[in-house]
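Hi,

Here is the structure I said I would pass on. Have a look at it first, and my notes come after.

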Amino acid sequence: MKQSQLLTCFAIILLAVACNSKEPEKFKRMDAAETGVTFSNMLTETPQMNIFTYLYFYNGGGVATGDLNGNGYADLY
């Protein structure tokens, strides 16, 4: 009985320590005025055109960024 209580206590402490570790931010939200990128994918649902009648309603509208050519600048796609 005592061993199971010790194991439970150890598991709780381990979870508490693991949950408190903070990773550095990988992404940062930037304002459109700062980046010069103004993209808005505004979709208007109707009874004829919605996610239930057209499965790909929300697919395909977006902006991706990454340094694909290795020049140190973000490339937009």
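Below is what I found, residue by residue.

First, the ground rules: this is a predicted model, where local features need pLDDT of at least 70, side-chain atom pairs count only at pLDDT 80 or more, and totals for chains, interfaces and linings use all residues. Numbering runs from 1 along each chain as its sequence is written, and side-chain values use heavy atoms, with hydrogens and water left out.

Let's start with Asp75, which sits in strand 2 (residues 75–76); strands here are DSSP runs of E with at least two residues, helices are runs of H or I with at least four, and both are numbered from the N terminus. Asp75 is buried but has no salt bridge, and Lys28, the nearest side chain of opposite charge, is 19 Å away. Buried means under 20% relative accessible area, exposed means over 50%, and partly exposed is in between (1.4 Å probe, protein chains only). A salt bridge needs a side-chain nitrogen of Lys or Arg within 4 Å of a carboxyl oxygen of Asp or Glu. For the charges, Lys and Arg count as positive and Asp and Glu as negative, while His and the chain ends are not counted.

So what does the side chain of Asp75 reach? It gets to the backbone nitrogen of Asn69 at 3.5 Å. That is a polar contact (N or O atoms within 3.5 Å; within protein, one must be able to donate a hydrogen and the other to accept it, and residues adjacent in sequence count only if both atoms are side-chain atoms). Not counting residues up to four places away in sequence, Asp75 touches several residues, among them Ala64, Gly66 and Leu68; contact means heavy atoms within 4.5 Å.

Gly66 belongs to strand 1 and counts as partly exposed because its relative accessibility is 22%. Tyr73 lies in the loop between strand 1 and strand 2, and is exposed because its relative accessible area is 60%.

Now for the loop between helix 2 and strand 1, where Asn50 is placed. Is Asn50 buried or exposed? It is buried, because its relative accessible area is 11%. The Asn50 side chain reaches the backbone oxygen of Thr46 at 3.1 Å, and one of its polar atoms lies 2.9 Å from the backbone nitrogen of Thr53. Leaving aside neighbours within four places, Asn50 is in contact with Glu45 and Phe57.

Met49 is in that loop too, between helix 2 (32–35) and strand 1 (65–66), and is partly exposed because its relative accessible area is 38%. Met49 is one of the residues in a nonpolar surface patch, along with Leu43, Ile51, Phe52, Tyr54, Leu55, Tyr56 and Tyr58, with about 880 Å² of accessible area together. Patch members have over 30% relative accessible area and no salt bridge; like charges are joined within 9 Å, and nonpolar side chains (Val, Leu, Ile, Met, Phe, Trp, Tyr) within 5 Å. The areas come from the Shrake-Rupley method with a 1.4 Å probe, and for residues only the protein chains shown count as cover.

Cheers
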